[in-house]
Amino acid sequence: MNLMKDIRKFDGAFQEVHGERINAAAALSIGSRLREIRLQRGISLREIANETRIGIHSLEAIESGNFHQVPQGVYLRSFIRKYARCLQIDHEVEGFLQSLYSDGSGAIGMLHVSDVHYDKDKSVSIKPVTPRLAEYILYLFLTKAERIYLIGDLNEEYYEVAHKFGPNRAKLWFYKQVLSSLTPLASRSLRRLKVIVSLAELFRRLFS
Amino acid sequence: MKSQKKVAHTHLGEFEELVLLAILFLREEAYGVKIRQVLESHTQRPVSIGSVYTTLDRLEQKGYVSSYLGDATAERGGKAKRFFEVEGGGAEALNHAISTRRRLMSGIETDLLPATS
C-alpha cells in the first residue's frame, strides 16, 4: 500500500482551501480512513450520500483528501463530522480534525494509532439506510400511522437481514417486501374508493 | 335465524385464521416483524408485511384484535412497534373455525386423511 508514502510526501505540506491553510497529510489521512471503513462495511457512497445529504462529488473529494473541491469551505468540517458520524467513527476523526489546521507533524502518528484495530462487532452497526425509492413507493399507499410502525418493522428486519447476509441481500429483501406489499395495500385503497363511489351513487339516486 | 347470522359474522378467512393463531403463539411479542416471520416460517411461503397489516386492520375493525403502540429501537429508525392482542370475539371466531373443521373431519374416513406424523 503506497498510502503511507503518499501521506509522508504530504507531511508538512499545505493545501489552500478557501483561503485557509490545511494540512495536506491530515486531509489525506481523514479521507482514506473514511474510505477504508466504508469499504470494509460494504457501504456505497450513494448510501452515505442518502444518509448525510452530502453530495457524492463532495464525499469523493473528502475521501481523496482533495478538500479544496468541497464546495462552501465553511461546511468542510461539518461535512467530515457528518460522514464520520454516519460510520460511527466520529470520535476517531475528531483527532484528525484538530491536526487539520495545525502544522500537522502529528497526522501520521494518528493514522497509526487508529489503524491498529477496529471493533468487528460494529461492522454493520450503521443506522438502517433502506432503499429510498422503494420506501417512497410504499409511502404513497400508507396511512400516517402506518408510516411509523410499518416502516419501523421494515427497518428492523432490513437491519437484521443486512447483519446476517450483507447490505446487497438486504436491499433485495426490502424491494421484494415492498413490491409484494403493494398488491394488498393497493386493493385496500381501491376498496375505499369503491365505498366512496357507491355512496356517491346512492346520494345521486336519492336526490334525483 | 339468529344463530345463522352469527355464523356468517364469525367467518374467518384462512389467512385471518393464521394471523390470529400467530398472535396467540407470540403472546407479548406479537408485532409486525414477529408475526410476519412466524407466518412465513410456518406456512413456508413468502408473506409480505403489507398483507399482514391489511389483515390485522380488518380483524381490528371486526373487533377480533386490539392494538397499541409500543417501544421504538434504534434499528427501527426510532419508529414505534404496534403490538396486537386477540380479543374475546377473535377467540370465539377462531374456536368456531377450528370446531367446524373438527366436525367435518370426523365424517371423513381415516384412510383418506393424510397421515399425521
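Student: Which helices do A:Tyr149 and B:Tyr53 lie in?

Tutor: A:Tyr149 is in α9 of chain A and B:Tyr53 in α4 of chain B, so the pair joins two chains. Helices (H or I, at least four residues) and strands (E, at least two) are DSSP runs, numbered from the N terminus.

Student: Before I go on, what should I know about the model?

Tutor: It's a predicted model: local features need pLDDT of at least 70, side-chain atom pairs count only at pLDDT 80 or more, and totals for chains, interfaces and linings use all residues. Residues are numbered from 1 along each chain as its sequence is written, chains are lettered from A and ligands numbered from 1 in the order in which they are written, and side-chain values use heavy atoms, with hydrogens and water left out.

Student: Ok. Is A:Tyr149 buried or exposed?

Tutor: A:Tyr149 is buried, at 6% relative accessibility, and B:Tyr53 is buried too, at 0%. Buried means under 20% relative accessible area, exposed over 50%, partly exposed in between (1.4 Å probe, protein chains only). Ring pairs also bring in B:Phe84, which forms a cluster with A:Tyr149 and B:Tyr53.

Student: And what about B:Tyr68 and B:Phe83, stacked or edge-to-face?

Tutor: Stacked, because the planes are at 25 degrees, with the centres 5.6 Å apart. B:Tyr68 is in strand β1 (residues 65-72) and B:Phe83 in strand β2, both of chain B, so the pair ties together parts that are 15 residues apart in sequence. B:Tyr68 is partly exposed at 43% relative accessibility, while B:Phe83 is buried at 9%.

Student: Switching to the interface: how much area do chain A and chain B bury between them?

Tutor: About 1900 Å², 56% of it on carbon and sulfur atoms. Buried area here is the accessible area (1.4 Å probe) that two parts lose on being put together, summed over both. On chain A's side, A:Tyr149, A:Asp153 and A:Glu156 supply 32% of the area buried against chain B, more than any other three residues. The contact (heavy atoms within 4.5 Å) takes 23 residues from chain A and 23 residues from chain B.

Student: How many salt bridges cross it?

Tutor: There are 4, counting a side-chain nitrogen of Lys or Arg within 4 Å of a carboxyl oxygen of Asp or Glu. B:Asp57 and A:Arg188 also meet in a salt bridge, at 3.7 Å from N to O.

Student: Which residues touch the most other members in the largest nonpolar core?

Tutor: Among them are A:Leu138, A:Leu150, B:Ile23 and B:Leu56, in a core of 39 residues. A core is a set of buried Ala, Val, Leu, Ile, Met, Phe, Trp, Tyr and Cys residues joined through side-chain atoms within 4.5 Å. Its largest share, 7 residues, comes from α9(A).

Student: What does B:Ile23 contact?

Tutor: Neighbours within four places in sequence aside, its contacts include B:Ile35, B:Leu56, B:Val65 and B:Phe84.

Student: Last one: what's the pattern of chain B?

Tutor: Along the sequence, α-α-α-α-β-β-α, which comes to 5 helices and 2 strands.

Methods:
Rings of Phe, Tyr and Trp (its six-membered ring) pair if their centres lie within 6.5 Å; planes under 30 degrees apart count as stacked, over 60 as edge-to-face and the rest as tilted.
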